[in-house]
Structures are given as structure tokens and as C-alpha cells.
Amino acid sequence: MFADLFNWLLGAGAELAVTIISMVPLVELRGAVPLGVAAGLPWHVVLPLAYLGNMLPIPFLLFFGEKILDWVISLRPFTKLGTAYKNKLLSKTDKVTKYARIGLFLFVAIPLPGTGAWSGALIATILKMPKGKALFSILCGVVTAGLIMLAASHGALGVFQSFQ
């Protein structure tokens, strides 16, 4: 299904596909970077587009994320899924709270399932972190995750050859 969506978006251009896919919750830049590389885009095109797409929704989420999550939970078809997601976020807040901005950065930077900018922004709103500091931590985490995904997409040697 995800491949079909990407192929459909490729009709509008690989650049737009990378940007839009990096906006999708849970997929984010972690899915957009490998797909952009697979589509033949150079790293210096893929990374800025993925960063832009991944970060566009984050300020909005920092201001309204908890309200949106509560609203989604109130919708009958999404109550179970939304509640499970919120509980999963709440279970990870102790790690983020313990290390504050560094914890939020690490949570966003390490490309594992359930982590990323969207989840990081929602955790930051739940914890009432200062929005500016949270945004900076999330941005640094997104940049790091992008570099990790680029390395994984090209292979360690491929990345070094790309910079030549």
C-alpha cells in the first residue's frame, strides 16, 4: 500500500513525493529518505525536502497536539487506536522527562518504530515543555535521523562516496 502511494505521488514528481511522505505521521522522514534515494534523487535533494516535510507540521503540533489527540480519541472509530497511542506516548515520557531536551532529541533522532518528530511533538505538549526548546530539540533530532536514514539507505561506504 505504501509503495502504491509513493508510485502515485511520483506522478507529480519524486521531490513532491518525498516532501509529502515525510509529513505522514509514523512514516515521516524515516520512510521518505529511503524512497527518495530509491527513486534516484541525490542526497542533497532528498534531505532538505525530507527535513522540510517532516518539520512543517511540528509547530502546529506543539501548539495543538494534545487537543488534536484528545479529539481523535473522542471519535468512536479511533478511540481504541488513539488511546493506545497516547498510552504508548505516556509510557515513554519518563525517559524524555529525565533528560529534558536531550531526551527529546534522542527520542526523535533514533529511527525506531513509534519515535519521530510527530511523537516527539506530542510528548513535548503532554509534558508542557517550552515550545521553542522543544522545537529546537525536535529539529536537531530530525536532522540526525535524516543522516542516519541516508547512511542506511546508501550503506556506510555509499554515503562517503556521495560526498565526493
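**Briefing: loops, core and open spaces**

L26 lies in the loop between helix 2 and helix 3, where a helix is a DSSP run of H or I with at least four residues, numbered from the N terminus. This is a predicted model, in which local features need pLDDT of at least 70 and side-chain atom pairs count only at pLDDT 80 or more, while totals for chains, interfaces and linings use all residues. Residues are numbered from 1 along each chain as its sequence is written, and side-chain values use heavy atoms, with hydrogens and water left out.

**Loop residues and backbone angles**

- Although L26 is not a glycine, its phi is positive, at about 70 degrees, and with a relative accessible area of 53% the residue is exposed (over 50%, whereas buried means under 20% and partly exposed lies in between, with a 1.4 Å probe and protein chains only).
- K128, found in the loop between helix 7 and helix 8, is another residue other than glycine with a positive phi, here near 60 degrees, and its relative accessible area of 61% makes K128 exposed.
- G40, which comes just after helix 3, takes a positive phi of about 95 degrees.
- G13 sits in the loop between helix 1 (2-10) and helix 2, and it counts as buried because its relative accessibility is 18%.
- Although G13 and A39 are 26 residues apart along the chain, their C-alpha atoms are separated by 9.9 Å.

**The largest nonpolar core**

- The largest nonpolar core holds 37 residues, of which V33, I58, I138 and V142 touch the most other members; such a core is a set of buried Ala, Val, Leu, Ile, Met, Phe, Trp, Tyr and Cys residues joined through side-chain atoms within 4.5 Å.
- At least two residues of this core come from each of helix 2 (14-21), helix 3 (28-38), helix 4 (43-55), helix 5 (58-74), helix 6 (79-109), helix 7 (117-126) and helix 8 (131-154).
- Helix 7 provides the largest share of this core, with seven residues.
- As general background, nonpolar side chains tend to be buried together in soluble globular proteins.
- If residues up to four places away in sequence are not counted, V142 touches L29, Y51, N54, M55, V108 and A117, a contact being heavy atoms within 4.5 Å.
- Helix 3 is largely enclosed by the rest of the structure, because eight of its 11 residues are buried, and these are E28, L29, R30, G31, A32, V33, G36 and V37.

- A search of the whole structure finds two aromatic pairs, where rings of Phe, Tyr and Trp (its six-membered ring) pair if their centres lie within 6.5 Å, and planes under 30 degrees apart count as stacked, over 60 as edge-to-face and the rest as tilted.
- The rings of F60 and F64 have centres 5.1 Å apart and planes at 50 degrees, so this pair is tilted.
- Because F60 and F64 are four residues apart in helix 5, about one helical turn separates them.
- The rings of F63 and F64 also form a tilted pair, because their planes are at 50 degrees, with the centres 6.4 Å apart.
- F60, F63 and F64 make up one aromatic cluster, in which F60 is partly exposed at 48% relative accessibility, F64 is partly exposed at 40%, and F63 is exposed with a relative accessible area of 54%.

**Pocket and cavity**

- On a 1 Å grid over the protein atoms alone, a cavity is a set of points where a 1.4 Å probe fits but cannot get out, a pocket is an open set with protein on both sides within 12 Å along at least five of seven lines, and lining residues have an atom within 4 Å of a point.
- The largest pocket contains about 360 Å³ of space, a volume being the space filled by probe spheres set on grid points that are joined across faces, edges and corners.
- Its lining consists of 13 residues, and P25, L69, V72, Y85 and L122 lie nearest the centre of the pocket.
- Helix 5, helix 6 and helix 7 each supply at least two residues of this lining, and helix 5 gives the most, with five residues.
- By class, the pocket lining has 11 nonpolar, two polar and no charged residues (Ala, Val, Leu, Ile, Met, Phe, Trp, Tyr, Cys and Pro count as nonpolar, Asp, Glu, Lys and Arg as charged, and the others, Gly among them, as polar).
- The structure has one cavity of 30 Å³ or more, and the largest cavity holds about 30 Å³ of space.
- L62, A124, T125, K128, M129 and K131 line the largest cavity, giving three nonpolar, one polar and two charged residues.
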